[in-house]
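Colleague: Please take me through this model slowly, and tell me what each term rests on.

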Amino acid sequence: MALGGVSEQTRVWRLVAAHAWQNTLRWFHGATPFGYSPLSGTPQRLLIAPQNLRTADPTIAADIYAGRFVFSGHQAESAGRSPFEIDAPDPDWARALHGFGWLRHLRAAKTNMARANARALVDDWIRICGRRHSIGWEQAVVARRILSWLSQSPLLLEDCDREFYNRFLRALIRQVRYLRKTINETPDGVPRMVASLALAAAAVSMSGQGRFARQSLRRLDLELKRQILPDGGHISRNPGAILDILVDLLPVRQAFVMQGLAPSGTVMTSVDRMMPMIRFFRHGDGSFAHFNGMGATPGDLVATVLAYDDARGSPPNNASHSGYQRMVGEETVVLMDTGCPPPPMVSQHAHAGCLSMEVSSRANRLVVNCGVSSHGKDTWRRVARSTAAHSTAEFEDTSSCRFMTGGSLVRKLGALIVGGPTDVPVHREDLSDGTSVSASHNGYAKIFKLLHEREVRLSADGTLIDGVDRFVSLRGAPSGEKDRYAVRFHLHPLVKASLLRGGGAVLLMCADGEAWEFSGADVEIALEESIYLSDVHGHRRTEQIVLYDRLRHAREVHWHFRRTASAKPARRRPPESDEAMLPI
């Protein structure tokens with residue numbers, strides 16, 4: 001059975017052909033800028049430094065001065081050598097090093113020593129990697145380095161000698177020209193958007209680049225129109241992508257205004273659409289829901305971005321283009337994934353979590369998805385992307401999406417989604433007594449000839465959540481032993497769960513004393529070990545409520561969350577590091 005008229009094999013071959021074409025372009029342009037013709041028209045000076053909205057920590061400057069570099073969960077000691085000469089412990093570590101985002105910590109230190117250290121490290125990069133490096137000249141890394149060097153140029157160039165100033169500008173323009181020539185080879189999605197923003201920032205920040213300003217704005221408009229959906233979401237369906245784009249787009253927009261250049265209507269409307277979506281994905285405690293690659297929420301960065309929101313309006317409830325629903329009852333929030341997987345070339349981080357949901361009440365998160373591990377291990381990435389790591393139903397321990405596996409193509413493109421739901425009809429009702437959302441997906445249609453349907457209703461006062469999950473057989477559905485399903489509700493680590501009434505219900509106690517009761521109708525309820533991957537302190541043990549059944553017994557299962565009277569506050573459990581496993 002083909003998905004949406006295109007077989008999975010055809011999808012894979014199309015990706016292979018696209019990758020081969022990109023390699024041809026890379027050969028034509030040159031894989032690295034080595035051998036570029038002598039630079040002419042090098043800008044004489046920098047005109048402006050775009051603001052960096054990311055939080056800086058001056059204490060990190062001391063670690064960098066001591067030769068300790070901690071990026072992406074990995075640490076490396078330079079031991080008196082340049083960090084660009086040592087072996088990188090991980091590719092993501094190397095990308096962070098060559099991206100120079102850490103310069104902001106040196107600037108925050110506000111010392112002459114930090115300034116001298118920053119110049120020395122930039123000089124090291126120019127000398128060692130300025131013309132060739134396998135990771136340092138990846139388009140996405142080049143774009144990030146351009147933005148970092150521009151925003152931190154006051155740190156690097158104030159009171160510097162003329163020779164360093166010229167070396168810095170020559171290196172910068174070399175990278176800008178390389179990115180202009182190879183931007184179409186940048187991985188699609190956020191990396192290509194950041195590349196467009198880097199070129200726009202360079203055009204407005206450097207002298208002699210005026211003729212590129214209009215061109216860079218057209219390119220930026222093109223990417224915004226293509227990547228930002230009408231409701232403000234991103235084509236990757238990752239909530240964090242909106243934040244990543246805004247944190248770079250807002251300073252670039254401001255830089256154009258400061259130079260007397262009016263941002264385009266596309267830039268302005270894109271910002272206006274994205275701002276409400278920042279609020280859309282937030283729970284009562286300010287954290288983002290863990291859908292499709294969203295990890296730990298950088299709360300300080302969210303607050304900084306929202307400070308630019310002039311409208312400060314309420315978030316939408318129906319993000320149909322992005323494929324999400326938000327239900328609010330007083331102080332209770334239910335967020336639900338009701339969308340198909342994103343296009344294959346931006347699905348490297350997307351999850352098999354269709355119809356998964358998260359629940360928060362006041363400042364307590366109750367039901368969550370497992371999130372994304374900060375550890376760069378492939379095993380944890382596979383676990384996080386599986387259906388079992390989400391608060392939804394799965395059939396026969398099988399994920400609702402299929403991921404590309406093995407081979408050099410995965411190493412180049414990532415584990416793209418090559419099969420999964422292609423039809424997710426949604427129906428929503430907003431009534432005076434509450435809100436209900438019903439949806440279904442056909443992710444199990446190809447293998448098991450089944451549709452998964454979910455209905456969720458939140459009462460207007462936020463005290464009751466009623467739900468039902470069902471499996472509907474399609475024509476030709478086999479009958480036999482393969483009929484076992486599980487409905488999972490992963491709990492936040494700060495929620496303490498205990499079985500009631502002989503296992504017929506579960507009491508959920510929050511850290512502030514708020515209590516909820518979960519129950520199911522005529523179904524086996526299990527309380528099992530789970531893991532929360534998105535905590536800033538690392539992996540944490542938690543629990544999950546699992547409802548097990550078989551199609552031969554019941555094709556649908558009803559469940560309920562009901563808020564009960566507040567009880568004595570439960571003691572907050574300390575974080576635990578854990579390697580508990582989920583079924584993949």
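Modeller: A hairpin joins E11 to E12 through two residues. This is a predicted model, in which local features need pLDDT of at least 70 and side-chain atom pairs count only at pLDDT 80 or more, whereas totals for chains, interfaces and linings use all residues. Residues are numbered from 1 along each chain as its sequence is written, and side-chain values use heavy atoms, with hydrogens and water left out.

Colleague: Which strands pair with E6?

Modeller: Strand E5 (residues 332-337) is joined to E6 by five bridges in an antiparallel arrangement, and strand E7 (residues 364-368) pairs with E6 over three bridges, also antiparallel. Serine 361 in E6 is the bridge partner of threonine 332, and serine 361 also stands opposite asparagine 364 in E7. The hairpin of E6 and E7 has two residues between the strands, and arginine 362 there takes a positive phi near 55 degrees.

Colleague: Why is E6 called largely enclosed?

Modeller: Buried means under 20% relative accessible area, exposed over 50%, and partly exposed in between, with a 1.4 Å probe and protein chains only. Five of the five residues of strand E6 (residues 357-361) are buried, so E6 is largely enclosed by the rest of the structure. Met357, Val359 and Ser361 point one way and Glu358 and Ser360 the other, and all are buried.

Colleague: Why does serine 78 count as buried?

Modeller: Its relative accessibility is 5%, and therefore serine 78 falls under the limit for buried residues. Serine 78 lies in the loop between strand E2 (74-77) and H3. Leaving aside residues up to four places away in sequence, serine 78 touches Gly67, Phe69, Pro83 and Ile86, where contact means heavy atoms within 4.5 Å.

Colleague: How do you know that H3 and H6 meet, and at what angle do they cross?

Modeller: Two packed helices are described by the angle between their axes and the distance between the axes. The axes of helix H3 (residues 91-99) and helix H6 (residues 139-151) come within 8 Å and cross at roughly 35 degrees (axes are lines fitted to C-alpha atoms over the stretch in contact, and angles run from 0 to 180 degrees between N-to-C directions). Arg95, His98 and Gly99 in H3 meet Val141, Arg144, Arg145 and Ser148 in H6.

Colleague: Which residues of helix H14 are buried, and what covers them?

Modeller: In helix H14 (residues 378-385), Trp380, Val383, Ala384 and Arg385 are buried, and the cover includes strand E9 (402-403), strand E10 (417-419) and strand E19 (524-532).

Colleague: How many of the residues in the whole protein count as buried, as a percentage?

Modeller: Of the 584 residues, 55% count as buried, and the protein has 16 helices and 21 strands. Among contacts between residues at least 6 apart in sequence, 70% join residues at least 24 apart.

Definitions and conventions. Helices (H or I, at least four residues) and strands (E, at least two) are DSSP runs, numbered from the N terminus. Two strands pair if DSSP finds at least two bridges between them.
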